[in-house]
Amino acid sequence: MAALRILYQDAHLVAVHKPAGLLVHRSKLARGETTFLLQTLRDQLGQRVYPVHRLDRPTSGVMVMALSSDAASKLSLAFNEREVEKRYLAVVRGKAPFEETLDYPLREEDGSRPKAEMPALKARTDIQRLDSVELPVQVDRYPVARYSLVQARPLTGRRHQIRRHLSRRGYPIIGDAKHGKSVHNRFFADELGAPGLLLAATQLCFDHPCQPLRLCIDCALEPAMAALFERLGWAGHLPRDRVRTAPVTPIADTPP
């Protein structure tokens, strides 16, 4: 496959764009697959890389990997403690709320046992409608079709959280075969040239594990999704590859 797009790299970590459809690493569910982000990046850099978070196979966007076990430990802790700010863009069916916090508990979907037997875990996602469009076509039972561009910020880290929360709220993501509606998915694939899940991880902000820096890494969309934004009049919301840094002042120890 083509070389991965490097968004940021230093001696301790690397951030890359993960293409849609690419698995992060080998798993029991990946029988028959031969190409993975982890191995591709390792071969591209010529050194070992350590995964510290996950991104679903159909989701594109920014991922950060550690370049040492020490950095991996610190970054993994930051993700587990919800100290990393994540921003996603999604195209959904309908006119989504202008701003809302979705607070629906979710059961895990790890395949280890029936979903109904899994405990319901707290899950929260902040969403904001950035734009919307009404198309004069009958896709489903209505004479017009409405779609929204939504920014989602997950405040917890449940599996498929954004996809499940938006579907539960009544605004499924276009291209979501499991939680969406096939007639809208086919319309975007056949008529608008946008097949696949229209969900992208566009920003990660976190404290550098080994330097007193706050990093914010933005990631541009894949070509098909970017072209869709242009077609729908949403070009003003297109993210671009960018890295911003800010100094972090260490907290002084409090004297006894």
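This is a predicted model: local features need pLDDT of at least 70, side-chain atom pairs count only at pLDDT 80 or more; totals for chains, interfaces and linings use all residues.
Local features are taken only where pLDDT is at least 70 and side-chain atom pairs only at pLDDT 80 or more, while totals for chains, interfaces and linings use all residues. Residues are numbered from 1 along each chain as its sequence is written, and side-chain values use heavy atoms, with hydrogens and water left out.

**Cysteines**

A disulfide is a covalent bond between the sulfur atoms of two cysteines; here the term is applied to a pair of cysteine sulfur atoms within 2.5 Å. The whole structure contains one disulfide. Its partners are C205 and C216, with an S to S distance of 2.1 Å. C205 belongs to strand β11 (residues 199–207) and C216 to strand β12 (residues 213–218), 11 residues apart. Strands (E, at least two residues) and helices (H or I, at least four) are DSSP runs numbered from the N terminus. Because the torsion about the S-S bond of C205 and C216 is about 115°, the disulfide is right-handed.

The table lists accessibility, where buried means under 20% relative accessible area, exposed over 50%, and partly exposed in between (1.4 Å probe, protein chains only).

| Cysteine | Relative accessible area | Class |
|---|---|---|
| C205 | 2% | buried |
| C216 | 16% | buried |
| C210 | 30% | partly exposed |
| C219 | 0% | buried |

C210 is in no disulfide, and the nearest cysteine sulfur, that of C216, is 18 Å away. C219 is likewise in no disulfide; the nearest cysteine sulfur to C219 is that of C205, 13 Å away.

**Cavity and pocket**

Both kinds of space are found on a 1 Å grid over the protein atoms alone: a cavity is a set of points where a 1.4 Å probe fits but cannot get out, and a pocket is an open set with protein on both sides within 12 Å along at least five of seven lines; lining residues have an atom within 4 Å of a point. A volume is the space filled by probe spheres set on the points, which are joined across faces, edges and corners.

There is one cavity of 30 Å³ or more, and the largest cavity has a volume of about 40 Å³. Its lining includes H53, K86, Y88 and Q203, and β5 and β11 each supply at least two lining residues.

The second largest pocket holds about 380 Å³ of space. Of its 20 lining residues, R54, K86, Y88, G157 and R158 are the closest to its centre. The element α3 gives the most to this lining, with three residues.
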